[in-house]
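Q: I'm new to this one and would like a close look at a single part of it. Could you take me through it slowly, and then show me what lies around it?

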Amino acid sequence: MIVILKPDPNQDQLKSLLSWLQEKGITIHTSVGEARTILGLVGDTSQLDADLIAALDIVEDVKRIHEPYKNANRMFHPEDTVVKVGNTRIGGGSLTLMAGPCSVESEEQVVTIAKAVKASGATMLRGGAFKPRTSPYAFQGLGAIGLEYLKTAREETGLPIITEMMDISQLPLFKDVDVIQIGARNMQNFDLLKAVGRQEKPVLLKRGMSATYEEWLMSAEYIMAGGNHNVILCERGIRTFETYTRNTLDLSAVPVLRKLTHLPIIIDPSHAGGKSWLVDSLSMGAVAAGCDGLEIEVHNDPAKALCDGPQCLRPDAFHRLAGKLLTLHETVKNLEA
């Protein structure tokens with residue numbers, strides 16, 4: 001349920017309303033916008049008389065949210081959420097470029113790539129230390145030492161780091177990581193979602209390969225229900241009958257999610273296409289659709305990459321693409337103005 005307040009509500013009446021709701025066991029989330037203030041009510045709202053609340057002098061309207069996700073709902077929080085990571089702002093009209101290797105292979109490798117992508121306009125470094133792989137014989141990542149290499153790259157460049165967590169037991173290792181990524185295979189690992197929801201560190205939640213929008217948003221709800229509202233959604237392609245590309249990039253996710261939720265929306269064109277020559281077109285399409293950022297894989301020698309080399313861009317290719325993306329983003333903003 002949401003309660004929309006009238007402009008400049010009487011503070012005594014507001015305190016009385018909040019106190020009454022809390023006595024009913026309702027958790028209240030306040031969203032202050034430019035034009036109005038909204039109280040998002042979470043809990044057993046079936047016991048509340050909507051007509052009684054609507055009759056109060058300070059209340060403009062009362063609406064029940066029928067979707068099962070409440071915290072992630074656009075009705076609950078009309079203004080776009082902006083997730084702050086260091087000096088980077090994800091959402092709110094900016095375009096965030098996250099770039100780096102699929103897998104951290106050495107300190108020299110990740111530092112070299114970090115310097116290159118920063119020079120090209122990236123404001124965050126992505127890189128895998130723990131890698132979920134379909135084959136048990138494939139490279140699984142360097143683990144904890146990979147995290148140390150990422151931290152070194154952050155010290156060298158100032159770029160915040162984003163990397164994937166696969167298990168609750170790894171949480172202590174991620175103490176100094178800037179953004180925790182939850183991969184597609186773990187989108188419905190509810191114990192893991194609850195664990196990252198109990199801390200304040202931003203979480204990038206990738207869409208499961210066969211997940212619906214509602215299932216995806218319900219996974220975000222698990223994180224937010226724990227108190228962590230710093231959630232970023234990432235569309236990385238879904239599984240369809242097509243086998244030519246690694247996955248099928250669902251760009252309709254951008255306008256649909258923009259309608260359904262206030263959370264920032266990131267696109268991963270590398271995992272979607274699975275081929276480096278597709279990354280340019282998919283990225284441009286994502287920016288034109290209105291995404292808040294992109295997560296792009298960059299490797300200094302894709303032919304020798306230990307993980308997903310065919311979908312990685314070389315640093316020079318990323319440099320050219322980043323310039324086009326930033327120009328296109330400004331063009332789209334001007335057209336919408």
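Which residue in S9 stands opposite Leu125?

A: It's Ile161 that stands opposite Leu125. Before going further, keep in mind that this is a predicted model.

Let's start with the two strands. Strand S8 covers residues 124-126 and strand S9 covers residues 161-164, and they pair in the parallel sense over two bridges. As a bit of background, strands in a sheet pair through backbone hydrogen bonds, and the pairing can be parallel or antiparallel.

One cavity of 30 Å³ or more turns up, and the largest cavity holds about 40 Å³ of space. S9 gives the most to its lining, with three residues. Among the lining residues are Ile162, Thr163 and Glu164, along with Arg126, Gly127, Gly128 and Lys131. Cys102, Gln181 and Glu295 are also part of that lining. Sorted by class, the cavity's lining has two nonpolar, four polar and four charged residues.

Lys131 leads us on to the pockets. In the largest pocket, Lys131 is one of the residues that lie nearest the centre, together with Pro132, Arg185, Arg246 and His271. That pocket has 19 lining residues and about 250 Å³ of space. Its lining is made up of nine charged, six polar and four nonpolar residues.

The second largest pocket has about 210 Å³ of space. It is lined by 14 residues, and the closest to its centre are Gly93, Arg258, Gly290, Cys291 and Glu336. Two helices, H9 (276-289) and H10 (315-336), each supply at least two residues of this lining. The largest share comes from H10, with four residues. By class, you'll find five charged, five polar and four nonpolar residues here.

Leaving aside neighbours within four places in sequence, His229 is in contact with His29, Asn71, Thr81, Met224 and Leu263. For a sense of distance, His229 and Ala35 are 194 residues apart along the chain, and their C-alpha atoms are separated by 22 Å.

With a relative accessible area of 12%, Asp250 is buried, because the cut-off for buried is under 20%. Not counting residues up to four places away in sequence, Asp250 touches Arg207, Tyr213, Glu235 and Ile238.

Key:
Residues numbered from 1 in each chain as written. Predicted model: local features only at pLDDT ≥ 70, side-chain atom pairs only at ≥ 80, totals over all residues. Heavy atoms only, no water. Pairing = 2+ DSSP bridges. 1 Å grid on protein atoms, 1.4 Å probe; cavity = no way out; pocket = protein on both sides within 12 Å on 5 of 7 lines; lining within 4 Å. Points joined across faces, edges and corners; volume = space filled by probe spheres on them. Nonpolar A, V, L, I, M, F, W, Y, C, P; charged D, E, K, R; others polar. Contact = heavy atoms within 4.5 Å. Buried < 20%, exposed > 50% of the residue type's maximum accessible area, 1.4 Å probe, protein only.
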